[in-house]
Amino acid sequence: MTQGIRVLLLSAAVATAVAGCRQEQLPPSTQAPSVPYLLDPEKLAPLVEFDAAALDESREPCVDFDGYANGKWLAANAIPADKYAWGAWDMLIERSQSVQRQLAEQAAARPDAAGVDKIVADFWSSGMDEERLDALGIAPLRDELELVRTLSSPADIAGYLYRSAAQGRVRLFAFGPYPDFKDATVNMAYAEQGGLGMPDRSLYLDADKQAIRDAYLVYISRLLVLSGGTPDSAARQAGDVLSFETRLAKASKSREELARDVSLYYHPLSIAEAEKLTPNFSWTAFFRAQGIEPPAAFSLSVPAFHQEYDRMLADVPVQQWQHYLGFHVIHEAVPFLPEPFADAAADLLKVAAGVQEKSPRWKRVLREINRHVEEPMGQLYVQVAFPPESKARMESLVENLRTALKVRIEKLDWMSDETKHRAIAKWESFTPKIGYPDKWRDWDGLKTAPDAFLANMLAAKEFNHAWNLSKIGKPVDKDEWFTSPQTVNAFYDPQANEIVFPAAILQPPFFGLAADDALNYGGIGAVIGHEMTHGYDDQGSRFGPSGEFENWWAESDSIAYKARTRKLIEQFDAYEVGTGDRVNGNLTLSENIADLGGLATAYDAMKLATGDQADPMLDNLTREQRFFLGWATVWRNKYTPEYQKIQLVVDTHAPSSIRSIGAPSNLPAFAAAFSCKPGAPMARTGDQQVVIW
């Protein structure tokens, strides 16, 4: 399924992992795992929890709050050689992976595994059989590569693109169903930009990214040599590939442009209009190759991008197309090929992101399971990782956050009653999803084998593509989840107006059944508030209560809102990270709005929940201090310098060290909690203070 819209609209608040070690009843499923799974606690990666003894008392919280909360830990912990970042986020990912590894090993050890158990077992067994993968070499790709070499005309190339898409391997652009921006009850087909091997146009075009481009060229050449090419021919073909992708990059929108204008995704056209726009690429033929009749209309997002590859069908030599397509056949299969291919990818990451070693095979196999058959793994996962007490506690937290958010909206002094009425209407229709789906997909029909890693991936791609295509033109399924229980994230979807909290998020430092209210509200409470606030950030606020793309704002309120968000852009533009680079306040605006509104709302909700209760003064810290320290612990993280530079270009989230201070510095409650004097870095006042939601 295409990822563009959902990557930007289901904005990630946090990254987490597994929520415990208990065996619980699964939700109803026709393919529920038939045998119980158990975890060995000794094999689980450690949790991250707030520890008052780790506070750096030499730092002044009103001046360097991140250093005060996280400095000792950051100084004592190095980034592992196979990672580009390390902190609360990554340690919880390790926790999740350690759970999933045990589940996969147990599934693979069962000779009678069936249904989702067999799917997980087959992916795991075939992926861990390194000896067989080495023996197979490039052989599983030879037919596909030979097919690419036989393409002899633009019509041949277009036909290949249609047919490979039908197998779930959509080239050049991303494609899939999403709710229609104008009628969120019905799924529409969206064709978005894509086709690049690197994550943003800037990596192809900016002068200071030349080292990454050079490393990418080396990577392309190495894959081609490993696939049987000579060094000279591989170097020439690599140049063709980079030139081809650079042309696509020039026609692409940047991450920043897409983040700041969600309407770029929505450009509905009839088939006739689309074919006029791309005369060399037939959308009628494309849809029919997928086994469906062309719809009356679909969204051709970023039309100039589609026009560019259409022109390339006519004016780029066939041989260069062959080089581009052949490379991507290999590139997409790297995780399923012998280790030298993984070594080449690891060397590229060393230059681009500062990762010194490749991940161990078991982690790479889990990564592919979660890319292609994440829900079967999820059905195993929730047996051992989601106590019912967690869901009940979360429901209470969500309700308190809902109440606090409504009060904040009602008290806004810059918004008219007319717009407030619509904002409350949107608030009333919020839907929370907690833990895992009430129903699972039917995975009957996906054929896998314990000795065919690449074939399993290809089968899953085609299976998932067909399932997604079946949604086009059909009513939106409100019960569907777009993430798995073990996914390390939380989401807001403006078209469904729902907030989603997978089971994996419900553990420290975000949430703990034994944790005090201050830590839980500063952690998961702020995440809940963050996701709710996404409904009112600069892009989420462009969708109404029913999920339609509409302007529900009075003009004066819109002007006032933009003035406030401009101040937030300026605040984050001024932050500098360890590499000497500055944060892009425009790129990160939506997430910064959500952090600010979410943290303020969570603080109000904590006060509501604790009421007249006496402050327990745990660890000699007030409840309010522990709330903000809980927030900072969530953002305990460090990056390699190489990755930090890329993150500032491609990530819509500010670096963690900045997130830990950005929102609280605007809240009077923080200044009061730590007795900060006006004008201190963490006590913004007057024109420096940003107040939105």
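Predicted model: local features only at pLDDT ≥ 70, side-chain atom pairs only at ≥ 80, totals over all residues.
**Aromatic pairs**

Let's begin with the rings. The structure holds 58 aromatic pairs. One of them joins Phe-175 and Phe-286, edge-to-face, with 5.0 Å from centre to centre and 80 degrees between the planes. The two partners are 111 residues apart, with Phe-175 in strand 2 (residues 173–180) and Phe-286 in helix 13 (residues 283–289), and the pair links distant parts of the chain. Phe-175 has a relative accessibility of 4% and therefore counts as buried, since the cut-off is under 20%. Phe-286, at 0% relative accessibility, counts as buried too.

Another pair brings together Phe-628 and Phe-670. Their ring centres are 5.2 Å apart and their planes meet at 80 degrees, so this pair is edge-to-face. Here too distant parts of the chain are linked: Phe-628 sits in helix 25 (residues 623–634) and Phe-670 in helix 28 (residues 668–673), 42 residues apart. Both Phe-628 and Phe-670 are buried.

**Charges over rings**

| Charged residue | Ring | Distance from ring centre |
|---|---|---|
| Arg-101 | Trp-362 | 4.5 Å |
| Lys-471 | Trp-467 | 3.8 Å |

In soluble globular proteins, nonpolar side chains tend to be buried together. In this model, the largest nonpolar core has 189 residues, and Trp-283 and Phe-628 are the ones with the most contacts inside it. Helix 24 (residues 589–610) gives the most to this core, contributing nine residues.

What is Trp-283 in contact with, leaving aside neighbours within four places in sequence? Among its partners are Phe-173, Phe-298 and Tyr-309, along with Ala-191, Ile-271 and Leu-300. Glu-275, Thr-278 and His-306 are also on the list. A second, separate core has 10 residues, including Phe-181, Val-262, Tyr-266 and Phe-549.

**The disulfide**

How many disulfides does a search of the whole structure find? It finds one. Cys-62 and Cys-676 form it, with their sulfur atoms 2.0 Å apart. The link of Cys-62 and Cys-676 is left-handed, with -90 degrees about the S-S bond. Cys-62 lies in the loop between helix 1 (4–9) and helix 2 (65–76), while Cys-676 lies in the segment after helix 28, so the bond ties together parts that are 614 residues apart in sequence. Both Cys-62 and Cys-676 are buried.

**Two individual residues**

Is Asn-520 buried or exposed? At 2% relative accessibility, Asn-520 counts as buried. Its place is in helix 22 (residues 517–533). Leaving aside neighbours within four places in sequence, Asn-520 is in contact with Arg-393, Phe-510, Phe-511, Gly-512, Ala-515 and Gly-525.

Lys-478 is found in the loop between helix 21 (453–469) and strand 7 (491–493). With a relative accessible area of 46%, Lys-478 is partly exposed. Not counting residues up to four places away in sequence, Lys-478 touches Lys-433, Ala-496 and Glu-498. From Lys-478 to Arg-408 there are 70 residues in sequence and 28 Å in space, C-alpha to C-alpha.

**Backbone details**

A few backbone angles deserve a look as well. The peptide bond from Pro-508 to Pro-509 is cis, with omega near 5 degrees. Pro-509 belongs to the loop between strand 8 (498–502) and helix 22.

The loop between helix 24 and helix 25 holds Met-617 and also Asn-620. Met-617 is not a glycine, but its phi is positive, near 50 degrees. Asn-620, likewise not a glycine, has a positive phi of about 65 degrees. As for accessibility, Met-617 counts as partly exposed at 37%, whereas Asn-620 counts as exposed at 64%.

Terms used: Residues numbered from 1 in each chain as written. Heavy atoms only, no water. Phe/Tyr/Trp six-rings, centres within 6.5 Å; stacked < 30°, edge-to-face > 60°. Helix = DSSP H or I, 4+ residues; strand = E, 2+ residues; numbered from the N terminus. Buried < 20%, exposed > 50% of the residue type's maximum accessible area, 1.4 Å probe, protein only. Lys NZ or Arg CZ within 6 Å of the ring centre and 35° of its normal. Core = buried A, V, L, I, M, F, W, Y, C linked by side-chain atoms within 4.5 Å. Contact = heavy atoms within 4.5 Å. Disulfide = S-S within 2.5 Å.
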